[in-house]
Amino acid sequence: ALKLRAGDKHCLVARSKCYLKLGDTENSLKDAEASLQNDKTFSKGLYQKAETLYTMGDFEFALVFYHRGYRLRPELQKFRLGIEKSQEAIVNCIGSPSSVKLENKEDLCFISRQAESKKANQKLQNKVTMDQKWTRKQRPVRNPKIERQLLGELYADKAYLEKLLKDEDLMESSTKQGIKVADLVLSGISYLDTRSEFWQQQKPIYARVRERKLRQQRWIRDKKRKPAEVGRYIVKSMEDIDMLLTGDSPEESCKKAERVLKRIQGWSDDEVPNKNELIGNLHSCIGNAQLEMGQMEAALQSHKMDLEFARQNDLRDAVSRALGNVGRVYARIGKFQQAIDTWEEKIPMAKSSLEKTWLFHEIGRCYLELNEAGAAQNYGQKSLQSADDEGDAEWQLHATVLVAQAQVKLKDYRSAIMNFEKALEKAKLIHNEAAQKAIIIALDDVSKSFIEELNKRREEPTVYSLKGYDFSSENTRDDDFEKFREREESEESAENQDDEKQKEDARNHKEEHGNSKEGGSEQENKEKESKGEEKRRD
């Protein structure tokens, strides 16, 4: 990006952050200063320079740039936090200003003494030998116990590098890139020494000891909290847990909930009147976070503990919540029958139409996964009815799709096409493009299946008996064929009636006229032949 747009201040700040993450404070500072070259009021550049200086241990200069940024952008909290942490680091290094006491004894002789001491120091500096300079450059030997406290987990790495230094053959060797192993090891040790010095300046050991004591005092004080303070703490903690979970930080949400749970379990029932209900709620929060992290077995256990606490204390709403969550976990791990049983137990506890909509839809979806299309269609229709009562277009879409999918399994293609078309209208109404594409693909597949089914019906041979047109195949018992058979039978009966009438007319005619005229008989034969021809045509 910087090659395409040289000197772009935003790119420079971004690269400075990367250098800082890598521990390359020198290049980080260069990029931060370069971002401020053309615009001294660039707030991101000021903040990045202040952060780099703070990391380098130049707390005073860092404080200057934090103040500059705060004057320009007072609404940004990061500058105020930078000011606070810089001031704290300075106090940790040199002590509080109140600890320094100046006295004025109206005697100016100290000025001459100061000048004399300055000259003496200059003489001593001129006499320093080369060996003394080398020893001065060496870092003072630090107590291993203090160094372990400063470095923490990195202390083992430093000990390993120092052990490598004793291997002379290894130190003389080089890497494939031509870099001596000794240089790499020394640079690593130097970096760890720099870090330990920074952490010592930022928060010395005595400051850590004092902070530990303050934490202990705070813990003792917290144990004696007033009910109002306990309530505020619980409300704030639950809000933080929920915000972390909705903000795509399930791991942090889980850790926070576990800390709060451990703390509340140590409180008495007098301090927390609804302690059991709160413990169950925290188990639910932990289970939801574990579900988001993919820890299915742990999530199932947490939600079952929530259910157990709710049942022990006869908390109907909590039981309903826990049953819903347990069913969700069962469905996620593929145990659809257990999910159905759990959710069906929850149905009488559902309070709103929207909750019933979700519940019926999920049960129907599980039945569909179990290839029980009839039950899936039934619950899909229940879900659609509840969604219509609530007036929720999105759940109407989900329920209609579920019904259509169940009808495809039942090979009721005509109804499935109608429901998919309704679902497509709902998807267009709520501007859900992904759903529109999926429904169009499903419609195309159902239409092809419907056409194939019709073609199969046309190709099946139909066998009739001479007497009653009885069909030889069960598939021919369709409404259309029944109507056709009834029409054929009515036409046959009408023809038989016409034949009987014609025969009766002929007999009457013979009785009246006899066989006296030959021409008459010929005429009669012609009439019979014409009627027979008409009958054959029919």
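Trainee: What makes residues 123–138 a stretch to treat with care?

Mentor: This is a predicted model, and pLDDT stays under 50 over residues 123–138. pLDDT is the predictor's confidence on a scale from 0 to 100, and for this stretch the model has 2 contacts beyond four places in sequence. Residues 513–521 also have pLDDT under 50, with 1 such contact.

Trainee: How many of the residues score at least 70, then?

Mentor: That is 70% of the residues, and the protein averages a pLDDT of 76.

Trainee: Good to know! Why is glutamine 377 called buried?

Mentor: Its relative accessibility is 15%. Buried means under 20%, so glutamine 377 qualifies. The residue sits in helix α20, residues 373–390.

Trainee: Which residues is glutamine 377 in contact with, leaving aside neighbours within four places in sequence?

Mentor: Val403, Ala406, Gln407 and Leu410. UniProt, in an unreviewed entry, lists residues 403–430 as "coiled-coil region".

Trainee: How do you know what that span looks like in the model, helix or strand?

Mentor: Residues 403–430 are 86% helix and 0% strand, and the end C-alpha atoms lie 19 Å apart.

Trainee: And why is aspartate 183 called partly exposed?

Mentor: Its relative accessible area is 45%. Buried would need under 20% and exposed over 50%, so aspartate 183 falls in between. You will find aspartate 183 in helix α11, residues 181–202.

Trainee: Where is glutamate 172 relative to aspartate 183?

Mentor: The two are 11 residues apart in sequence, and their C-alpha atoms are 9.7 Å apart in space.

Terms used. Residues numbered from 1 in each chain as written. Predicted model: local features only at pLDDT ≥ 70, side-chain atom pairs only at ≥ 80, totals over all residues. Heavy atoms only, no water. UniProt positions renumbered as here; feature names shortened; annotations may be inferred. Helix = DSSP H or I, 4+ residues; strand = E, 2+ residues; numbered from the N terminus. Buried < 20%, exposed > 50% of the residue type's maximum accessible area, 1.4 Å probe, protein only. Contact = heavy atoms within 4.5 Å.
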